[in-house]
Amino acid sequence: MTSDIIRTYFPQISDEQQRQFDALGDLYLDWNAKINVISRKDIDNLYEHHVLHSLAIAKVVNFRPDTAILDFGTGGGFPGIPLAILFPECHFKLIDGTGKKIRVAQEVANAIGLKNCQPEHLRGEEEKGKYDFVVSRAVMPLPDLVKIVKKNIGKKQQNALPNGILCLKGGDLQAELRPFYKIVETTDISNFFTEEWFKGKHVIYLPI
């Protein structure tokens with residue numbers, strides 16, 4: 001398990017960002033032994049299946065400084081922590097309804113000195129803040145997610161991509177995306193990353 005895969009696809013990262021990515025391997029291995037946030041058999045694929053997968057969002061939008069992003073249902077910190085490392089001038093709030101998972105995200109963020117990332121034990125219905133984007137990783141069907149987070153998308157636009165929702169999803173999404181077929185955009189992650197595992201996985205973008 002090595003973080004070299006990150007630099008392969010994001011050669012512009014600084015030494016400090018590389019150090020933060022490097023540290024994730026041991027931190028998640030250690031925390032996962034105490035609190036199961038990543039399936040035990042998948043922890044060896046942390047960088048490909050979790051960190052790089054999270055960063056597929058960065059291939060669809062290059063968040064401008066001061067962009068506010070809500071990671072809905074972050075679990076142990078995905079996609080929020082990898083994105084917060086990559087975009088140090090943006091503000092990330094990571095929420096999850098499971099307290100022990102948020103604890104892992106908080107401890108990992110503290111350990112790598114991630115200052116732009118605020119994990120909080122909170123259900124999506126309780127989140128009142130306004131954000132430019134909501135990101136999530138296969139938390140729930142898109143229509144259900146839209147109902148909960150629509151209230152959290154701010155009006156002020158500051159990115160090339162209009163404010164909205166960015167989801168990481170896999171499989172056949174036709175039925176799930178049908179209500180939004182006129183505006184939703186689906187991008188295959190295999191357009192960016194050549195690893196076999198990314199085939200059939202997508203970044204879904206829905207402007208709100």
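**A mixed sheet and the helices packed on it**

Strand β4 is mostly covered, with four of its five residues buried, where buried stands for under 20% relative accessible area, exposed for over 50% and partly exposed for what lies in between, computed with a 1.4 Å probe on protein chains only. The model is a predicted one, in which local features need pLDDT of at least 70 and side-chain atom pairs count only at pLDDT 80 or more, while totals for chains, interfaces and linings use all residues. Residues are numbered from 1 along each chain as its sequence is written, and side-chain values use heavy atoms, with hydrogens and water left out.

Strand β4 belongs to an open sheet of seven strands, whose order is β3-β2-β1-β4-β5-β7-β6 and whose pairing is mixed. Strands (E, at least two residues) and helices (H or I, at least four) are DSSP runs numbered from the N terminus, and two strands are taken to pair if DSSP finds at least two bridges between them. The edges of the sheet are formed by β3 (117-121) and β6 (185-188), each of which pairs on one side only. From one strand to the next, the twist averages 20°.

On to β5, the pairing of β4 is parallel over five bridges, with phenylalanine 133 having glycine 164 of β5 as its bridge partner.

With β7 the sense of pairing is antiparallel: seven bridges join β5 to β7, and leucine 168 stands opposite valine 203 in β7. Strand β7 is itself mostly covered, five of its seven residues being buried. The pairing of β6 with β7 is also antiparallel, over four bridges, and glutamate 185 has tyrosine 205 of β7 as its bridge partner.

Helix α6 (residues 99-111) touches β2 and β3, and its direction makes about 160° with that of β3, contact being defined as heavy atoms within 4.5 Å. Helix α3 is mostly covered, with nine of its 10 residues buried, among them the histidines His49, His50 and His53 together with Val51 and Leu52.

Helix α3 (residues 46-55) also packs against helix α2 (residues 15-34), at an angle of about 130° and with the axes 11 Å apart. The axes are lines fitted to C-alpha atoms, for helices over the stretch in contact, and angles run from 0 to 180 degrees between N-to-C directions. The angle therefore makes α2 oblique to α3, since under 35 degrees counts as roughly parallel, over 145 as roughly antiparallel, 65 to 115 as roughly perpendicular and the rest as oblique. On the α2 side the contact is made by Phe21, Asp22, Ala23, Leu24, Gly25 and Tyr28, and on the α3 side by Leu46, Tyr47, Val51 and Leu55. By class, this contact has eight nonpolar, one polar and one charged residues, with Ala, Val, Leu, Ile, Met, Phe, Trp, Tyr, Cys and Pro counted as nonpolar, Asp, Glu, Lys and Arg as charged, and the others, Gly among them, as polar.
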